[in-house]
Amino acid sequence: MSAFHWRCSATCGHARAGMLKTAHGDVPTPTFMPVGTAGTVKAMTMDSVRSTGAGIVLGNTYHLMLRPGADRVAALGGLHKMMDWPGPILTDSGGFQVMSLGALRKLDQDGVTFQSHIDGSKHRLTPEISTQIQHKLDATITMAFDECPALPATPENLRKSMELSMRWAARSREAFVQRDGYGQFGIVQGGTERDLREYSVRALADIGFEGYAIGGLAVGEGQALMFETLDYTAPLLPPDRARYLMGVGTPDDLLGAVERGVDMFDCVMPTRAGRTARAYTERGTLNLRNARHANDTRPLSPDCDCLACARHSRAYLHHLFRADEILGPMLLTWHNLAYYQRLMRTIRAAIIADDLPETARALRAGWASEDWTPDEMPYPDLS
Ligand SMILES: [Zn+2]
(Lines give C-alpha, C1' and ligand atoms only; values in the text may rest on other atoms or scores of the structure.)
Protein backbone atom coordinates (compact mmCIF):
# COMPACT_ATOMS: atom_id res chain seq x y z
CA MET A 1 0.00 0.00 0.00
CA SER A 2 1.35 3.36 -0.94
CA ALA A 3 0.65 6.82 0.33
CA PHE A 4 -2.37 8.77 -0.86
CA HIS A 5 -1.35 11.12 -3.63
CA TRP A 6 -2.30 12.90 -6.84
CA ARG A 7 -0.07 12.92 -9.91
CA CYS A 8 -0.40 15.32 -12.82
CA SER A 9 -0.18 13.63 -16.21
CA ALA A 10 -0.96 16.52 -18.57
CA THR A 11 -1.81 20.21 -18.56
CA CYS A 12 -3.54 22.47 -21.07
CA GLY A 13 -3.46 26.11 -20.02
CA HIS A 14 -4.35 25.99 -16.30
CA ALA A 15 -6.37 22.77 -16.75
CA ARG A 16 -4.85 19.56 -15.38
CA ALA A 17 -5.38 15.86 -16.08
CA GLY A 18 -4.10 13.56 -13.37
CA MET A 19 -4.56 10.44 -11.31
CA LEU A 20 -5.65 10.21 -7.69
CA LYS A 21 -4.09 7.17 -5.96
CA THR A 22 -5.98 5.88 -2.92
CA ALA A 23 -6.36 2.81 -0.73
CA HIS A 24 -9.65 2.07 -2.51
CA GLY A 25 -8.47 2.50 -6.09
CA ASP A 26 -7.25 5.08 -8.57
CA VAL A 27 -9.40 7.91 -9.93
CA PRO A 28 -8.60 9.75 -13.16
CA THR A 29 -9.11 13.50 -12.80
CA PRO A 30 -10.84 15.82 -13.53
CA THR A 31 -13.59 13.83 -11.82
CA PHE A 32 -17.18 14.36 -10.76
CA MET A 33 -18.30 12.69 -7.50
CA PRO A 34 -21.98 11.66 -7.35
CA VAL A 35 -23.50 12.65 -4.02
CA GLY A 36 -24.46 9.70 -1.81
CA THR A 37 -25.97 11.78 0.99
CA ALA A 38 -27.20 9.13 3.41
CA GLY A 39 -25.20 6.13 2.20
CA THR A 40 -27.05 5.94 -1.12
CA VAL A 41 -26.93 7.85 -4.39
CA LYS A 42 -30.67 8.54 -4.50
CA ALA A 43 -32.67 6.38 -6.95
CA MET A 44 -29.54 4.47 -8.06
CA THR A 45 -28.07 1.04 -7.29
CA MET A 46 -24.31 1.17 -6.86
CA ASP A 47 -23.97 -1.05 -9.96
CA SER A 48 -25.74 1.60 -11.98
CA VAL A 49 -23.51 4.31 -10.47
CA ARG A 50 -20.47 2.22 -11.45
CA SER A 51 -21.81 1.74 -14.99
CA THR A 52 -21.74 5.53 -15.55
CA GLY A 53 -17.96 5.48 -15.01
CA ALA A 54 -17.98 7.21 -11.61
CA GLY A 55 -14.71 6.57 -9.76
CA ILE A 56 -15.43 8.13 -6.38
CA VAL A 57 -18.61 9.06 -4.50
CA LEU A 58 -19.42 11.43 -1.66
CA GLY A 59 -21.09 10.76 1.70
CA ASN A 60 -22.51 13.32 4.13
CA THR A 61 -21.26 13.22 7.72
CA TYR A 62 -24.23 15.21 9.03
CA HIS A 63 -26.82 12.78 7.66
CA LEU A 64 -24.88 9.62 8.49
CA MET A 65 -24.05 10.65 12.08
CA LEU A 66 -27.77 11.18 12.74
CA ARG A 67 -28.97 8.12 10.86
CA PRO A 68 -27.86 5.31 11.10
CA GLY A 69 -25.05 6.76 13.32
CA ALA A 70 -21.27 6.55 12.88
CA ASP A 71 -20.85 3.63 15.33
CA ARG A 72 -23.50 1.61 13.53
CA VAL A 73 -21.86 2.29 10.14
CA ALA A 74 -18.54 1.14 11.64
CA ALA A 75 -20.19 -2.00 13.07
CA LEU A 76 -21.61 -2.74 9.60
CA GLY A 77 -18.06 -2.73 8.21
CA GLY A 78 -17.77 0.94 7.25
CA LEU A 79 -19.45 2.99 4.56
CA HIS A 80 -17.82 1.11 1.64
CA LYS A 81 -19.21 -2.23 2.77
CA MET A 82 -22.54 -0.86 4.00
CA MET A 83 -23.39 0.79 0.67
CA ASP A 84 -21.57 -1.70 -1.61
CA TRP A 85 -19.04 0.81 -2.94
CA PRO A 86 -15.51 -0.62 -2.59
CA GLY A 87 -14.09 2.41 -4.44
CA PRO A 88 -12.94 5.68 -2.87
CA ILE A 89 -15.42 7.69 -0.79
CA LEU A 90 -15.05 11.33 0.24
CA THR A 91 -17.06 12.48 3.23
CA ASP A 92 -17.80 16.12 3.94
CA SER A 93 -17.23 17.36 7.48
CA GLY A 94 -20.85 18.11 8.35
CA GLY A 95 -19.97 21.80 8.67
CA PHE A 96 -21.88 23.03 5.64
CA GLN A 97 -25.12 21.21 6.53
CA VAL A 98 -24.96 22.24 10.17
CA MET A 99 -24.38 25.90 9.27
CA SER A 100 -27.45 25.84 7.04
CA LEU A 101 -29.68 24.70 9.94
CA GLY A 102 -30.20 28.37 10.88
CA ALA A 103 -32.03 28.71 14.22
CA LEU A 104 -31.43 25.02 15.02
CA ARG A 105 -27.68 25.56 15.57
CA LYS A 106 -25.44 27.53 17.91
CA LEU A 107 -21.87 28.36 16.92
CA ASP A 108 -19.02 28.91 19.39
CA GLN A 109 -15.23 29.07 19.05
CA ASP A 110 -14.90 25.36 19.84
CA GLY A 111 -17.59 23.97 17.51
CA VAL A 112 -21.32 23.84 16.82
CA THR A 113 -24.23 22.53 18.86
CA PHE A 114 -27.31 21.70 16.83
CA GLN A 115 -30.67 20.00 16.84
CA SER A 116 -31.35 17.10 14.50
CA HIS A 117 -33.80 17.97 11.72
CA ILE A 118 -35.19 14.42 12.14
CA ASP A 119 -36.19 14.26 15.81
CA GLY A 120 -34.96 17.49 17.44
CA SER A 121 -32.28 15.65 19.48
CA LYS A 122 -29.17 17.64 20.45
CA HIS A 123 -25.78 16.95 18.87
CA ARG A 124 -22.37 18.56 18.77
CA LEU A 125 -19.72 18.81 16.07
CA THR A 126 -16.19 20.07 16.65
CA PRO A 127 -13.14 19.62 14.40
CA GLU A 128 -12.16 16.62 16.55
CA ILE A 129 -15.61 14.99 16.60
CA SER A 130 -16.13 15.48 12.84
CA THR A 131 -12.72 13.95 12.07
CA GLN A 132 -13.41 10.98 14.39
CA ILE A 133 -16.82 10.38 12.79
CA GLN A 134 -15.29 10.40 9.30
CA HIS A 135 -12.69 7.89 10.54
CA LYS A 136 -15.47 5.61 11.80
CA LEU A 137 -17.26 5.92 8.45
CA ASP A 138 -13.93 4.80 6.87
CA ALA A 139 -13.78 7.79 4.51
CA THR A 140 -10.99 7.53 1.94
CA ILE A 141 -10.87 11.32 1.94
CA THR A 142 -11.72 13.17 5.15
CA MET A 143 -12.63 16.84 4.98
CA ALA A 144 -11.48 19.39 7.55
CA PHE A 145 -14.31 20.86 9.67
CA ASP A 146 -14.97 24.46 8.70
CA GLU A 147 -17.48 27.26 8.89
CA CYS A 148 -19.07 28.28 5.61
CA PRO A 149 -20.57 31.78 5.82
CA ALA A 150 -23.54 32.68 3.61
CA LEU A 151 -22.85 35.33 0.96
CA PRO A 152 -23.17 38.27 0.83
CA ALA A 153 -21.27 38.90 4.06
CA THR A 154 -19.22 41.91 5.20
CA PRO A 155 -15.42 41.60 4.72
CA GLU A 156 -15.05 41.77 8.52
CA ASN A 157 -17.43 38.84 9.09
CA LEU A 158 -15.77 36.89 6.28
CA ARG A 159 -12.37 37.48 7.87
CA LYS A 160 -13.51 36.30 11.33
CA SER A 161 -15.19 33.24 9.83
CA MET A 162 -12.14 32.35 7.72
CA GLU A 163 -9.79 32.73 10.71
CA LEU A 164 -12.02 30.44 12.76
CA SER A 165 -12.02 27.89 9.91
CA MET A 166 -8.19 27.99 9.77
CA ARG A 167 -7.95 27.30 13.53
CA TRP A 168 -10.42 24.46 13.05
CA ALA A 169 -8.36 23.17 10.08
CA ALA A 170 -5.29 22.85 12.33
CA ARG A 171 -7.37 21.00 14.96
CA SER A 172 -8.89 18.73 12.26
CA ARG A 173 -5.38 17.85 11.07
CA GLU A 174 -4.28 17.10 14.63
CA ALA A 175 -7.23 14.70 15.04
CA PHE A 176 -6.69 12.93 11.69
CA VAL A 177 -5.35 9.37 11.93
CA GLN A 178 -2.82 8.84 9.10
CA ARG A 179 -3.31 5.58 7.20
CA ASP A 180 -1.79 4.38 3.91
CA GLY A 181 -3.91 5.43 0.96
CA TYR A 182 -6.17 7.69 3.04
CA GLY A 183 -6.05 11.48 2.88
CA GLN A 184 -7.44 14.64 4.42
CA PHE A 185 -8.27 17.85 2.55
CA GLY A 186 -8.14 21.37 4.00
CA ILE A 187 -10.78 23.86 2.82
CA VAL A 188 -9.90 27.36 1.56
CA GLN A 189 -12.40 29.96 2.78
CA GLY A 190 -12.58 33.76 2.52
CA GLY A 191 -15.64 34.37 0.33
CA THR A 192 -14.88 36.58 -2.66
CA GLU A 193 -12.18 38.60 -0.83
CA ARG A 194 -8.83 38.09 -2.52
CA ASP A 195 -6.63 38.89 0.52
CA LEU A 196 -8.64 36.49 2.70
CA ARG A 197 -8.38 33.68 0.13
CA GLU A 198 -4.61 34.24 -0.07
CA TYR A 199 -4.29 34.16 3.72
CA SER A 200 -6.39 30.99 3.88
CA VAL A 201 -4.31 29.16 1.23
CA ARG A 202 -1.08 30.03 3.08
CA ALA A 203 -2.49 28.90 6.43
CA LEU A 204 -3.62 25.54 5.02
CA ALA A 205 -0.39 24.94 3.08
CA ASP A 206 1.54 25.58 6.32
CA ILE A 207 -0.51 22.91 8.08
CA GLY A 208 -0.09 20.55 5.08
CA PHE A 209 -2.90 18.38 3.68
CA GLU A 210 -3.05 15.60 1.06
CA GLY A 211 -5.36 17.81 -1.02
CA TYR A 212 -7.09 21.19 -0.95
CA ALA A 213 -10.72 22.13 -1.40
CA ILE A 214 -12.12 25.51 -2.31
CA GLY A 215 -15.20 26.09 -0.19
CA GLY A 216 -17.64 28.91 0.29
CA LEU A 217 -18.49 29.27 -3.41
CA ALA A 218 -21.70 28.52 -5.33
CA VAL A 219 -23.60 30.00 -2.39
CA GLY A 220 -25.28 32.81 -4.31
CA GLU A 221 -22.35 34.89 -5.62
CA GLY A 222 -22.97 33.97 -9.29
CA GLN A 223 -20.74 32.29 -11.87
CA ALA A 224 -18.69 35.38 -12.82
CA LEU A 225 -17.59 36.05 -9.21
CA MET A 226 -16.97 32.36 -8.62
CA PHE A 227 -14.69 32.16 -11.68
CA GLU A 228 -12.92 35.38 -10.66
CA THR A 229 -12.27 33.89 -7.20
CA LEU A 230 -10.92 30.69 -8.79
CA ASP A 231 -8.70 32.76 -11.12
CA TYR A 232 -6.64 34.03 -8.19
CA THR A 233 -7.14 31.18 -5.68
CA ALA A 234 -6.33 28.05 -7.72
CA PRO A 235 -2.80 29.14 -8.85
CA LEU A 236 -1.81 29.70 -5.19
CA LEU A 237 -2.57 26.09 -4.19
CA PRO A 238 0.29 23.55 -4.03
CA PRO A 239 0.65 22.31 -7.64
CA ASP A 240 1.28 18.69 -6.65
CA ARG A 241 -2.00 18.21 -4.72
CA ALA A 242 -5.56 17.60 -5.92
CA ARG A 243 -7.94 20.58 -5.90
CA TYR A 244 -11.62 20.12 -5.15
CA LEU A 245 -14.32 22.74 -5.76
CA MET A 246 -17.12 21.93 -3.32
CA GLY A 247 -20.78 21.82 -4.32
CA VAL A 248 -20.32 22.84 -7.98
CA GLY A 249 -22.20 22.73 -10.33
CA THR A 250 -23.74 22.91 -13.83
CA PRO A 251 -21.85 21.38 -16.80
CA ASP A 252 -20.77 24.91 -17.73
CA ASP A 253 -19.52 25.57 -14.16
CA LEU A 254 -17.47 22.35 -14.24
CA LEU A 255 -15.84 23.20 -17.57
CA GLY A 256 -14.98 26.75 -16.46
CA ALA A 257 -13.53 25.51 -13.17
CA VAL A 258 -11.40 22.83 -14.88
CA GLU A 259 -10.08 25.57 -17.18
CA ARG A 260 -9.02 27.38 -13.99
CA GLY A 261 -7.16 24.39 -12.52
CA VAL A 262 -9.75 22.42 -10.50
CA ASP A 263 -9.61 18.58 -10.46
CA MET A 264 -12.59 17.37 -8.40
CA PHE A 265 -16.27 18.24 -8.08
CA ASP A 266 -19.44 17.17 -6.32
CA CYS A 267 -22.97 18.48 -6.71
CA VAL A 268 -26.55 17.33 -6.16
CA MET A 269 -27.59 18.89 -9.49
CA PRO A 270 -27.56 15.80 -11.76
CA THR A 271 -29.30 13.60 -9.17
CA ARG A 272 -31.78 16.20 -7.92
CA ALA A 273 -32.58 17.31 -11.49
CA GLY A 274 -33.12 13.68 -12.45
CA ARG A 275 -35.80 13.34 -9.77
CA THR A 276 -37.59 16.45 -11.04
CA ALA A 277 -37.76 15.54 -14.76
CA ARG A 278 -34.81 17.69 -15.82
CA ALA A 279 -32.23 16.13 -18.16
CA TYR A 280 -28.75 17.41 -18.94
CA THR A 281 -27.62 16.73 -22.51
CA GLU A 282 -25.01 17.82 -25.05
CA ARG A 283 -27.72 20.18 -26.34
CA GLY A 284 -28.65 21.89 -23.11
CA THR A 285 -31.33 20.85 -20.60
CA LEU A 286 -34.75 19.32 -21.23
CA ASN A 287 -37.83 19.22 -19.02
CA LEU A 288 -39.38 15.80 -19.58
CA ARG A 289 -42.70 16.95 -18.11
CA ASN A 290 -43.13 19.25 -21.09
CA ALA A 291 -45.93 18.06 -23.40
CA ARG A 292 -43.76 18.41 -26.50
CA HIS A 293 -42.11 15.11 -25.52
CA ALA A 294 -45.42 13.16 -25.39
CA ASN A 295 -45.07 11.63 -28.87
CA ASP A 296 -41.30 11.90 -29.27
CA THR A 297 -39.89 8.47 -30.07
CA ARG A 298 -36.24 9.61 -30.01
CA PRO A 299 -33.94 8.85 -27.10
CA LEU A 300 -32.94 11.69 -24.76
CA SER A 301 -29.51 11.86 -26.29
CA PRO A 302 -28.11 9.93 -29.29
CA ASP A 303 -24.61 10.05 -27.76
CA CYS A 304 -25.54 8.40 -24.46
CA ASP A 305 -25.29 4.70 -23.64
CA CYS A 306 -27.19 4.85 -20.34
CA LEU A 307 -30.21 2.59 -19.89
CA ALA A 308 -32.66 5.48 -20.35
CA CYS A 309 -31.18 6.37 -23.74
CA ALA A 310 -30.39 2.82 -24.90
CA ARG A 311 -33.86 1.38 -24.27
CA HIS A 312 -36.41 4.17 -23.92
CA SER A 313 -37.95 7.12 -25.76
CA ARG A 314 -38.53 10.65 -24.57
CA ALA A 315 -42.24 9.88 -24.86
CA TYR A 316 -41.96 7.01 -22.35
CA LEU A 317 -39.90 9.11 -19.92
CA HIS A 318 -42.50 11.89 -20.25
CA HIS A 319 -45.26 9.37 -19.47
CA LEU A 320 -43.40 8.05 -16.39
CA PHE A 321 -43.08 11.56 -14.92
CA ARG A 322 -46.68 12.49 -15.75
CA ALA A 323 -47.86 9.26 -14.08
CA ASP A 324 -45.57 9.80 -11.05
CA GLU A 325 -43.91 6.44 -11.65
CA ILE A 326 -40.73 5.85 -9.61
CA LEU A 327 -38.91 4.56 -12.72
CA GLY A 328 -38.91 8.10 -14.16
CA PRO A 329 -36.57 9.55 -11.50
CA MET A 330 -34.46 6.36 -11.60
CA LEU A 331 -33.87 6.50 -15.37
CA LEU A 332 -33.30 10.24 -15.50
CA THR A 333 -30.86 10.21 -12.55
CA TRP A 334 -28.95 7.46 -14.35
CA HIS A 335 -28.87 9.50 -17.55
CA ASN A 336 -27.74 12.71 -15.81
CA LEU A 337 -24.93 10.96 -13.93
CA ALA A 338 -23.86 9.23 -17.17
CA TYR A 339 -23.81 12.61 -18.87
CA TYR A 340 -21.69 14.23 -16.13
CA GLN A 341 -19.19 11.35 -16.27
CA ARG A 342 -19.04 11.51 -20.07
CA LEU A 343 -18.45 15.25 -19.87
CA MET A 344 -15.54 14.72 -17.46
CA ARG A 345 -14.03 12.07 -19.75
CA THR A 346 -14.36 14.39 -22.76
CA ILE A 347 -12.67 17.23 -20.87
CA ARG A 348 -9.90 14.96 -19.58
CA ALA A 349 -9.19 13.59 -23.07
CA ALA A 350 -9.07 17.16 -24.43
CA ILE A 351 -6.51 18.20 -21.78
CA ILE A 352 -4.35 15.19 -22.63
CA ALA A 353 -4.69 15.97 -26.39
CA ASP A 354 -3.84 19.61 -25.60
CA ASP A 355 -6.96 20.89 -27.38
CA LEU A 356 -9.21 21.91 -24.49
CA PRO A 357 -10.01 25.39 -25.95
CA GLU A 358 -11.49 23.82 -29.10
CA THR A 359 -13.40 21.14 -27.16
CA ALA A 360 -14.68 23.81 -24.74
CA ARG A 361 -15.98 25.91 -27.65
CA ALA A 362 -17.83 22.90 -29.09
CA LEU A 363 -19.32 21.97 -25.68
CA ARG A 364 -20.55 25.53 -25.07
CA ALA A 365 -22.01 25.79 -28.59
CA GLY A 366 -23.90 22.53 -27.95
CA TRP A 367 -25.34 23.70 -24.60
CA ALA A 368 -26.48 26.94 -26.20
CA SER A 369 -28.31 25.15 -29.05
CA GLU A 370 -32.03 24.42 -28.83
CA ASP A 371 -32.07 20.66 -29.25
CA TRP A 372 -30.00 17.96 -30.91
CA THR A 373 -31.78 17.66 -34.25
CA PRO A 374 -32.88 21.17 -35.23
CA ASP A 375 -33.98 19.96 -38.69
CA GLU A 376 -36.65 17.81 -37.06
CA MET A 377 -37.89 20.67 -34.94
CA PRO A 378 -40.05 22.37 -33.93
CA TYR A 379 -42.37 20.09 -32.00
CA PRO A 380 -45.79 21.49 -31.19
CA ASP A 381 -45.66 22.71 -27.60
CA LEU A 382 -48.96 21.63 -26.08
CA SER A 383 -48.13 22.51 -22.48
ZN1 LIG B 1 -28.62 8.74 -21.34
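1. Asp92 is buried, because it has 29 C-beta neighbours inside 10 Å and the threshold for that class is 20 or more. The model is predicted. Asp92 sits in the loop between strand S7 (89-91) and helix H5 (95-99). Leaving aside neighbours within four places in sequence, Asp92 is in contact with Leu58, Asn60, Thr61 and Met143.

2. Gly94 is in the loop between S7 and H5. Gly94 is buried, with 25 other C-beta atoms within 10 Å. Beyond four places in sequence, its contacts are Thr61, Tyr62, Met65, Leu125 and Ser130.

3. The unreviewed UniProt entry lists Asp92, Ser93, Gly94, Gly95, Phe96, Asp146, Gln189 and Gly216 under "binding site".

4. A further "binding site" listing in the unreviewed UniProt entry names Cys304, Cys306, Cys309 and His335. These span 32 residues in sequence, yet no two of their C-alpha atoms are more than 7.7 Å apart, so they gather at one spot.

5. Cys306 lies in the loop between strand S17 (284-287) and helix H12 (307-311). Cys306 is buried: 25 other C-beta atoms fall within 10 Å. With neighbours within four places in sequence set aside, Cys306 is in contact with Thr52, Trp334, His335 and Ala338.

6. Cys309 is in helix H12. Cys309 is buried, with 24 other C-beta atoms within 10 Å. Outside four places in sequence, Cys309 is in contact with Pro299, Leu300, Ser301, Cys304 and His335. His335 is also a contact of Cys306.

Key:
Residues numbered from 1 in each chain as written. Predicted model: local features only at pLDDT ≥ 70, side-chain atom pairs only at ≥ 80, totals over all residues. UniProt positions renumbered as here; feature names shortened; annotations may be inferred. Helix = DSSP H or I, 4+ residues; strand = E, 2+ residues; numbered from the N terminus. Buried ≥ 20, exposed ≤ 12 C-beta atoms within 10 Å, placed from the backbone. Contact = placed C-beta atoms within 7 Å.
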